[in-house]
Amino acid sequence: MDLKQTLQTVFGFADFRPGQGEVVEAVVAGQNVLAIMPTGGGKSLCYQLPALMRDGVTVVISPLIALMRDQVRALQAAGVSAGALTSGNTDEETDAVWDALHAGQLKLLYMAPERLAAGSALGMLHKINVGLIAVDEAHCVSQWGHDFRPDYLRIGELRRALNVPLAAFTATADEETRTEIVAKLFDGEAPQSFLRGFNRANLHLAFAAKNQPRQQILNFAAARKGQAGIVYCGTRAKTETLAKAMADAGHSACHYHGGMEAEDRRIVERRFQIEDGLIVCATVAFGMGVDKPDVRWVAHADLPKSIEAYYQEIGRAGRDGAPADTLTLYGPDDIRLRRTQIDEGLAPAERKMADHARLNALLGLAEALECRRKTLLAYFDEHGVDCGTCDLCQTPPDVFDATTPVRMALSAALRTGEWFGAGHLIDILLGNETDKVKARAHNELPTFGVGTDLSRSEWQAVFRQMMGRDLMRPDPERHGALRMTENARPLLKGEAQITLRRDTIKTSARRPAVKALVKEEDAPLLSALKAKRRALAETQRVPAYIIFNDKTLIEMAELRPDSLDAMARVSGVGAKKLESYGTAFLEVITGAQDKVHPMRRKLALTDAGAIYDALLAAQVDLQHGPMGTQKPLTCSKPTLRNLSEMRPRTLDELRRIPGMDDARVDRFGDAFLAVLNGAQTG
Ligand code: ADP
Ligand code: ZN
């Protein structure tokens with residue numbers, strides 16, 4: 001079988017995702033490969049498919065045991081011989097892996113990096129005809145990243161010892177990490193590198209300024225009830241209170257943070273993986289362990305720490321390619337908190353500068369005036385993408401020339417010695433004679449009361465955006481008082497202009513509209529399909545997506561395949577899954593009670609299937625003879641199958657098909673030949 005056929009038969013995909021094809025071809029050709037693909041880009045397929053095309057066993061190094069086990073299960077469900085050697089195995093599982101290895105059957109062997117530390121591993125790998133090493137999450141080799149795994153440093157050694165090609169995969173894009181991967185895994189010898197675009201077209205991007213933030217998050221979740229989601233929170237305490245609020249609102253929700261016992265964390269990871277529609281309120285500790293392809297939404301209850309972190313965190317949604325939503329909330333307090341964290345951190349000065357710049361990039365995205373997606377991708381140096389679907393494309397913001405208000409604000413800050421926060425400065429601008437204003441004689445300043453054209457909330461939006469554009473920064477040494485930055489000087493001097501969003505903070509709609517994954521008329525079918533999937537997943541004790549992912553079910557609900565052939569054309573339905581689950585889901589769709597004959601099922605992937613159907617129909621017509629008066633007669637299923645595959649063209653050829661005796665040739669011969677010749681001539 002060639003690549004495309006294997007892709008279709010085993011994985012059920014008609015096409016590669018963008019960028020996958022080149023990577024697969026390079027890996028199949030035995031080149032050393034480094035592929036940087038966004039989360040959800042389909043990295044696993046880039047070594048799983050080559051593993052099937054190449055001789056020997058592909059050893060996959062992957063950092064997390066639970067994920068390996070799921071991948072192995074998913075492969076087995078697709079009919080691929082795969083196994084894992086991890087500390088989580090039962091003895092039977094380990095024995096089964098060894099048996100398959102010795103029988104030369106295993107195509108993929110997953111191993112935890114810790115395993116490489118044991119001296120015996122290398123000897124074992126020498127004996128089993130390894131043809132390829134695949135390294136998942138290759139950035140774990142980087143000592144500077146927070147995912148560093150010391151045992152990843154042994155992979156280079158392994159590659160040298162086995163002398164086989166190595167393919168490394170990661171979603172981490174920065175130059176430093178890439179260089180480190182090449183140095184540590186490939187001994188500095190440049191592999192074939194693939195850098196695939198960062199656009200995740202199925203992710204909807206949205207930001208909102210905080211305004212009753214808890215309600216904003218609850219509304220967002222309510223509109224997506226029953227769909228799996230993650231809420232990233234800035235503090236451990238908030239994960240707990242928010243999870244409780246979610247549960248009170250009737251969601252299935254739990255919390256997760258680094259302060260929990262390892263065992264409790266694992267329980268949450270497991271539940272999230274298995275359950276359909278759980279919400280996890282978490283700190284960023286809920287990270288690499290999340291490998292659920294059908295996360296339908298990610299919300300940030302607080303601003304992430306950098307644009308890279310933002311991209312990675314929203315990236316956990318919609319890996320299956322079906323639509324997924326994101327919402328990031330931010331406000332002046334977030335900006336203050338993030339700046340303080342950087343300033344008070346232990347990093348050297350130039351690192352702090354870089355961190356402020358990465359935060360600035362995120363704030364720039366939060367305060368963007370046009371397309372969120374274009375702004376985000378421009379940061380990754382990717383240009384010319386289409387959007388039309390982000391919040392700003394859908395509802396362009398109301399903007400105004402804010403040069404004068406910004407200068408007023410800067411002036412208020414400077415004239416008060418840069419010792420005050422936004423609240424007091426706004427009082428001055430609005431001319432409010434508060435006690436604090438009077439006590440400091442700020443009502444005598446020339447700026448007092450010059451800003452009455454804007455309301456208080458409009459001024460708040462101006463200050464927030466000024467912080468977002470890094471024109472002012474809160475100074476931790478002055479209890480967060482706002483100080484002007486160098487960026488603001490041209491504005492103050494009248495050498496530059498600035499446009500800001502008017503941001504009349506909209507009071508959020510009381511009853512959020514429910515966001516559906518499919519059109520209204522397809523929704524009942526989609527829930528019926530999901531119910532079937534849940535039932536199957538529960539009996540087999542696997543995560544639901546191992547049966548079929550959301551993308552596949554959505555396609556089924558929309559296309560409504562009415563035969564196994566049509567079912568086989570749905571993306572994600574490979575031969576093995578068609579055999580295991582095709583009929584069950586078809587029954588849900590057609591509501592048909594008749595079980596499809598197994599013989600028929602075997603043909604479903606070929607055009608012989610259509611011929612079989614036509615022969616069967618012809619036979620039903622003639623079952624009682626041309627006038628409907630004769631003794632009933634039928635052909636056996638294997639006979640029909642032989643006919644549809646061997647396709648006799650004459651009565652003589654027809655007679656040679658086993659089961660086609662004289663009586664049957666008499667009864668059906670002409671009709672069958674009409675079908676068969678019709679099929680062959682077109
Ligand atoms: P990641 O790059 O994040 O590791 P995965 O390998 O987990 O991504 O793939 C994400 C999802 O995309 C999986 O559900 C997988 O089945 C699906 N997928 C991968 N390749 C294709 C393809 N060619 N067509 C359709 N879906 C695909
Ligand atoms: Zn857009």
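This is a predicted model: local features need pLDDT of at least 70, side-chain atom pairs count only at pLDDT 80 or more; totals for chains, interfaces and linings use all residues.
Me: What share of the contacts joins residues at least 24 apart?
Reply: Taking contacts between residues at least 6 apart in sequence, 71% join residues at least 24 apart.

Me: Let's turn to helix pairs. Why are helix 13 and helix 20 called roughly parallel?
Reply: The axes of helix 13 (residues 332-344) and helix 20 (residues 456-468) cross at roughly 30° and come within 9 Å. Angles under 35 degrees count as roughly parallel, and therefore helix 13 and helix 20 get that description. Their crossing is left-handed.

Me: Which residues make that contact between helix 13 and helix 20?
Reply: Helix 13 brings Pro332, Ile335, Arg336 and Arg339, while helix 20 brings Arg464, Met467 and Gly468.

Me: How many residues of each class are in the contact of helix 13 with helix 20?
Reply: There are three nonpolar, one polar and three charged residues. If you wonder where Gly468 of helix 20 belongs, Gly counts as polar in this scheme.

Me: How do you know whether helix 13 and helix 14 are roughly parallel or antiparallel?
Reply: The axes of helix 13 and helix 14 (residues 349-366) cross at roughly 165° and come within 9 Å. Angles over 145 degrees count as roughly antiparallel, so helix 13 and helix 14 are roughly antiparallel to each other. Helix 13 passes helix 14 in a right-handed crossing.

Me: Which residues meet there, on helix 13 and on helix 14?
Reply: On helix 13 they are Ile335, Arg338, Arg339, Ile342 and Asp343. Helix 14 answers with Lys352, Asp355, His356, Leu359, Asn360 and Leu363. By class, this contact has four nonpolar, two polar and five charged residues.

Me: What makes up the contact of helix 18 with helix 20?
Reply: Helix 18 supplies Ala422, Gly423, Leu425, Ile426, Asp427, Leu429 and Leu430. From helix 20 come Arg456, Trp459, Gln460 and Phe463. Counted by class, there are seven nonpolar, two polar and two charged residues.

Me: Now some single residues. How do you know whether Pro150 is buried or exposed?
Reply: Pro150 has a relative accessible area of 53%. Exposed means over 50%, so Pro150 is exposed. Pro150 lies in the loop between strand 5 (130-135) and helix 7 (155-162).

Me: Why does Val28 count as partly exposed?
Reply: Val28 has 26% relative accessibility. Buried needs under 20% and exposed needs over 50%, so Val28 is partly exposed. Val28 lies in helix 2 (residues 20-28). Leaving out residues up to four places away in sequence, Val28 touches Leu3, Pro50, Met53 and Arg54.

Me: What makes the phi of Glu137 worth a look?
Reply: Phi of Glu137 is near 50°, a positive value in a residue other than glycine. Glu137 sits in the loop between strand 5 and helix 7.

Me: And what about Arg541, buried or exposed?
Reply: Arg541 has 68% relative accessibility. The cut-off for exposed is over 50%, so Arg541 counts as exposed. Arg541 is found in the loop between helix 22 (523-540) and helix 23 (544-547). Arg541 has a positive phi of about 55° although it is not a glycine.

Notes
Residues are numbered from 1 along each chain as its sequence is written. Chains are lettered from A and ligands numbered from 1 in the order in which they are written. Side-chain values use heavy atoms; hydrogens and water are left out. Axes are lines fitted to C-alpha atoms, for helices over the stretch in contact, and angles run from 0 to 180 degrees between N-to-C directions. Helices (H or I, at least four residues) and strands (E, at least two) are DSSP runs, numbered from the N terminus. Angles under 35 degrees count as roughly parallel, over 145 as roughly antiparallel, 65 to 115 as roughly perpendicular and the rest as oblique. A crossing is left-handed if the near helix is turned anticlockwise from the far one by less than a right angle, and right-handed if clockwise. Contact means heavy atoms within 4.5 Å. Buried means under 20% relative accessible area, exposed over 50%, partly exposed in between (1.4 Å probe, protein chains only).
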